[in-house]
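Hi,

Here is the structure I promised to pass along. Have a look at it first, and then read on for what turned up.

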Amino acid sequence: MKKRIVVKVGTHVLSEQNRLCKERMMNLVEFLSKLMDKYEVILVSSAAVVAGYSKLKLDKNQLHNRQAMAAIGQPHLIAAYSKKLEKFGKIAAQLLLTSDDFDSRKRTHHAKCTINTLLENNILPIINENDATATEELVFGDNDQLSARAAYYFDAGILILLSDIDGYYDKDPKKNPNTTIKKIVHNIEKCELNVDEESSYEFATGGIVTKLKAADYLLKRDIDMFIASGFDLKDIEGYMLRNEHLGGTLFTSKDF
Ligand code: ADP
């Protein structure tokens, strides 16, 4: 049986100058296609707002405008994935979920049955927050929390966060010249979750703290998490396809 994995890609990775970045998306889809041959893959994708912004430029500081742009952008985002996946003979499916769906056993069960059937048929489920009815990830998170819940409730062994940063460092590398990457992390200290940190990108709302919260949630449930660059996929390709851990940060409760 194939191991199940969740891959989450942030807005920053998927966009460039207020629009979807076709080249990075193509590289991502090629990588996902390779992963799908070895694993059962679920994708959590942000970037609906930026995809909508290239169609209708509303003031993105207003939440209701971001919700409207997500509604405009979501079908374009899925169409872009579908078109690229077609080149590799793969098909995409869309699931719009909210954290409330995971609070209801019945709704989680229905979503899981859908996911299981899609994966049995080698389809790529692409999850995003339903931004019209929920604003949690739109306000704070950029799908980091949603992807952690998806990993747990849909029985994945690992969550891969593809970010604008290639791992978790002892200090923010964009603000400090001398930083060291943490290759393996076994637990998250409380103080690490209290850092006042914002996303480095105007369309994204994550930052490192939402990723550490996701890691903390998963470590407590014995599920691994890996932060790697979504700009250059060589580290995550090495880890997932060749079992080489050269770059990126692995969060794991297991001792080797
Ligand atoms: P994404 O759009 O991929 O979700 P974000 O831009 O929201 O990513 O968050 C990642 C950013 O967090 C990095 O670009 C980096 O500037 C910042 N950051 C702050 N502290 C750290 C740290 N200790 N290690 C890595 N990144 C950090």
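This is a predicted model: local features need pLDDT of at least 70, side-chain atom pairs count only at pLDDT 80 or more; totals for chains, interfaces and linings use all residues.

**What turned up**

Backbone first. Most residues other than glycine have a negative phi. Asn122 is not a glycine, yet its phi is positive, about 60°. You'll find Asn122 in the loop between helix H6 (105–120) and strand E6 (123–129). Its relative accessibility is 35%, so Asn122 counts as partly exposed. Asp142 also has a positive phi, near 50°, and is likewise a residue other than glycine. Asp142 sits in the loop between helix H7 (136–139) and helix H8 (144–153). With 10% relative accessibility, Asp142 counts as buried.

Asp142 has a partner, too: its side chain and that of Thr11 are joined by a polar contact of 2.9 Å. Thr11 belongs to helix H1 (residues 11–14), and Thr11 is buried, at a relative accessible area of 4%.

Back to H8 itself. Seven of its 10 residues are buried, so H8 is largely enclosed by the rest of the structure. The buried ones are Asp144, Gln145, Leu146, Ser147, Ala148, Ala150 and Ala151. Which residue lies 8.3 Å from Arg149, C-alpha to C-alpha, while being 65 residues away in sequence? That would be Ala214. Ala214 is part of helix H9 (residues 208–219) and is buried, with a relative accessible area of 0%.

Now the charges. Side chains of opposite charge can pair when their charged atoms come close. The count for this model is 18 salt bridges. Here are some of the pairs:

- Asp101 and Arg107 meet through their side chains at 2.8 Å, N to O. Asp101 is buried, with a relative accessible area of 15%, whereas Arg107, at 42% relative accessibility, counts as partly exposed.
- Glu192 forms a salt bridge with Lys182, and their closest N and O atoms are 3.9 Å apart. This pair links distant parts of the chain, 10 residues apart: Glu192 is in the loop between strand E10 (184–185) and H9, and Lys182 is in strand E9 (residues 181–182). Glu192 counts as buried at 13% relative accessibility, while Lys182 counts as partly exposed at 29%.
- Lys254 forms a salt bridge with Asp224, with the closest N and O atoms 2.8 Å apart. The two are 30 residues apart and link distant parts of the chain, with Lys254 in the segment after strand E12 (249–251) and Asp224 in strand E11 (residues 224–229). Lys254 is partly exposed, with a relative accessible area of 37%, and Asp224 counts as buried at 8% relative accessibility.

There is also a network: Lys8, Asp144 and Lys211 are joined by salt bridges that share partners.

Is Lys83 buried or exposed? Lys83 has 60% relative accessibility, and exposed means over 50%, so Lys83 counts as exposed. Lys83 lies in helix H4 (residues 63–86).

Cheers

How values were computed:
Residues are numbered from 1 along each chain as its sequence is written. Side-chain values use heavy atoms; hydrogens and water are left out. Helices (H or I, at least four residues) and strands (E, at least two) are DSSP runs, numbered from the N terminus. Buried means under 20% relative accessible area, exposed over 50%, partly exposed in between (1.4 Å probe, protein chains only). A polar contact is a pair of N or O atoms within 3.5 Å; within protein, one must be able to donate a hydrogen and the other to accept it, and residues adjacent in sequence count only if both atoms are side-chain atoms. A salt bridge is a side-chain nitrogen of Lys or Arg within 4 Å of a carboxyl oxygen of Asp or Glu.
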